[in-house]
Amino acid sequence: MVPRMNQSDPRPDPQDSLAHEPASGSLSARARAAVAPQSPYLNGLNPEQRAAVEATEGPVLVLAGAGTGKTRVLTTRIAHLIATGKAYPSQILSVTFTNKAAREMRERITAVIGPVAEGMQWLGTFHSIGTKILRRHAELVGLRSDFTILGTDDQLRLMKQVIEAEGIDEKRWPARQLAGHIDGWKNRGLGPDQVPAGEAGAFANGKGGRLYRAYQERLKVLNAVDFGDLLLECLRLWREHPDILEQYQNRFRYMLVDEYQDTNVAQYLWLRLLAQARKNLCCVGDDDQSIYGWRGAEVDNILRFEHDFPGATVIRLERNYRSTGHILSAASGLIAKNQGRLGKTLRTEDEPGEKVTITGAWDSEEEARLIGEEIEALHAKKHSLSEIAILVRISAQMREIEDRLVTLGVPYRVIGGPRFYERAEIRDALAYLRVVNQPADDLAFERIVNTPKRGLGDATIQVLHNHARAARVPLMEAARFIVETDELKPKPRATLRDLLISFGRWAKLSETLSQSEVAQTVLEESGYTDMWQKDKSADAAGRLENLKELVRSMEEFPDLQSFLEHVSLVMEANESDTAERVSLMTLHAAKGLEFDTVFLPGWEEGLFPNQRALDESGRAGLEEERRLAHVGLTRARRRAKIYFASNRRIHGLWNSTVPSRFIDDLPESNVEIAEAPANFSYGGSRFDRMQPFSGSSYQTPGWQRAQAHRATADDGGYSARRSGDRRGSMLIEGELVAKSTGGSGFKLGGRVLHTKFGPGTIEAVDGNKLTVEFDKAGRKMVLDSFVEALG
DNA sequence: CTATTCTATATATCA
DNA sequence: TATAGAATAG
């Protein structure tokens, strides 16, 4: 029954070989408890924190406001459980949301109680723990223990296939949308049979439920799960096999959950099943920091805790150790406007410090400039750049700010960009390795059959698919069959045969070479590395660098299998450089971090609070946005600076905007309005002045787009003329428009200068479109508004 | 089959 | 504006 243990888990488990002492540590831990009744690790905790650590029995909810020492409580509590001998490290289940959090917690526990903490095999994310459990009992839920975990892209591809197989028009009912529904159901712990009839009909005229079921069946055939399944299948396992549930209930003497406000229904059910027996469940969280409702988190879980777990102890941590008085009061005043909260009042013993500043800018460009100037000023006053952060609502805000920082030469780092393992080149490389490791991995196979391009396009794939489906075999096997027939034209047939032979060879290779050598070989022989070396686009070099990094990182793993396992669950960009840099990130990415100075641009209606959140979730959406604002403010230790702009470009078009209602939510005594900058000239947007033209051809999307282009891309002459006097812009617009519509000024054979491509010769003129042979960049089709006549 | 052009679309993110 | 995916031309 209990299949082989996870390979990455070499330590014997006291529960598996019952009544054995763990290898090391526990003796010393108990000795420590006996010798040191004073428990030094408890020193320095405030009374609430200490209560939270010592309330070991029964359900406990710790409401930990921002900056109140939450992590400290969590780690000390675990240390306490171990040091007092209440549980072995292996008997404590400790769940976090990110691997990073798990890693940090392990480190901090180790710092308190020493290497005993290494024995905490059940410290991890919901997903990693779910995986571990599922691998042990895979066959009970219809999987093999070496199942693959699908990433988002594989998931989508699979859903697309399912939709097409059902004969539904994929364009009318996009896979994206189906994925949204299925994710939603999984978040709520609903299997295909439990989806409410009304919702099952929400997709493709009532086929939603059926597609969900078909998708799950396909997953089983592929011996694969998606992220949601890692929890859902655990639930099913435990419900259908109470004896197994009981094993785990007995094993986990104490359970701790971090960031409880972020749990979804499935996670709640998962925890509740486990906690039913012993009830020693301690959840730590902050309802005021729940910002993931859009991906299924239920604030209700935390609001309902006392109801769900009768007799629960609730402990509030309200003493803030991070921010100065004004910042804290501003944040508290803001969040107090929310209805759905348990209620806490953060307090500090720190000085009031600086007030929160609010600065209005003319447009987002000026906003970026002002922020840049302030950063330079702070830097001149010897403030560390790594103690400065700019937190934006949406990542589209980043570009303008980055541009500004680049011009100023301020070093910065973007946190939370595309994850390392989500990058195209990494996913491709992994797909190769997956096929080598598991030839039946159809999704991976399909990803790379024609990457790099080798002439195996849609047509060939279609043939493979037909065979695979008819014979009910993996694509790889179907391919083997087909190259023996003459169904394919000679060329693709030969290419496909070569590829198959290569895969055979690579699979053999992995018996003799180390996995990183195999990877190196595969990437080279497949022509994948070549593909990027030939690519002369700007980011190709970075991609090659990433591939090298991937190969390097493989060396740390015992074999390919466990590497792939790790990779599908974790893998993060290892840019832990400590260089002096300003941090730029979204508010979501900022949760859990803190900085001396925090810039908060874009506090405008529609952007923040975000219109879409309002449209989709009404008041709940607004409250979540407000919590996000609260999170932003509470990241600041000493200075919080809010900005709004009166004009902002959204999807390339300028809109005039209204300051965010959150600005009015701030208590007046804690904020100050920063003086309007001197070169600030009111008098309406230059775009307001277009109004007289409304109804005319100037309102066409194309013209507006041209306007938008001009506003940013066209540098040089235009911006020089514009500088200083926005009122005069009307004339300039007219002039420019005349230039492009009249088509004058550009003649065949004329010389032009383009801001990006440099000088070139005009080869053709078509309205406002020019075909130009650039001296360096080759022939391009460009809009005339991007070039300037030379000579 | 591939390369180019066109067109639709736009939160946030973590496994 | 930027990008991804689809349509289309070669």
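Predicted model: local features only at pLDDT ≥ 70, side-chain atom pairs only at ≥ 80, totals over all residues.
## Basis

Local features need pLDDT of at least 70, side-chain atom pairs count only at pLDDT 80 or more, and totals for chains, interfaces and linings use all residues. Residues are numbered from 1 along each chain as its sequence is written, while chains are lettered from A and ligands numbered from 1 in the order in which they are written.

## Surface near DNA strand B

DNA strand B is surrounded by 34 residues. Near means a C-beta atom, placed from the backbone, within 6 Å of the strand. The closest residues are Thr98, Trp294, Ser395, Gly457 and Ala459.

Helices H5 (126–136), H20 (458–471), H27 (587–590) and H28 (611–634) each supply at least two residues of this surface. Helices (H or I, at least four residues) and strands (E, at least two) are DSSP runs, numbered from the N terminus. By class, the surface has 17 polar, eleven nonpolar and six charged residues. Ala, Val, Leu, Ile, Met, Phe, Trp, Tyr, Cys and Pro count as nonpolar; Asp, Glu, Lys and Arg as charged; the others, Gly among them, as polar.

## The sheet

Six strands form an open, parallel sheet in the order E3-E2-E6-E7-E1-E8. Pairing requires at least two DSSP bridges between two strands. E3 (123–125) and E8 (313–317) are the edges, each pairing on one side only. Neighbouring strands are turned by 15° on average, direction ignored.

E6 (residues 254–257) and E7 (residues 281–285) pair over three bridges. Met255 has Leu281 of E7 as its bridge partner. Helix H12 (residues 265–278) packs on the sheet, touching E6 and E7, at about 155° to E6. Helix H2 (residues 47–54) lies across E1 (60–64) and E8, at about 145° to E8.

## Two helix pairs

Axes are lines fitted to C-alpha atoms, for helices over the stretch in contact; angles run from 0 to 180 degrees between N-to-C directions. Contact means C-beta atoms, placed from the backbone, within 7 Å.

The axes of H6 (residues 152–165) and H9 (residues 208–221) come within 10 Å and cross at roughly 120°. H6 is therefore oblique to H9. Angles under 35 degrees count as roughly parallel, over 145 as roughly antiparallel, 65 to 115 as roughly perpendicular and the rest as oblique. Leu158, Met159, Val162 and Ile163 of H6 meet Leu211, Ala214, Tyr215 and Arg218 of H9. That contact has seven nonpolar residues, one charged and no polar.

The axes of H20 and H21 (residues 475–482) come within 8 Å, crossing at roughly 110°. These two helices are therefore roughly perpendicular.

Definitions and conventions
Contact = placed C-beta atoms within 7 Å.
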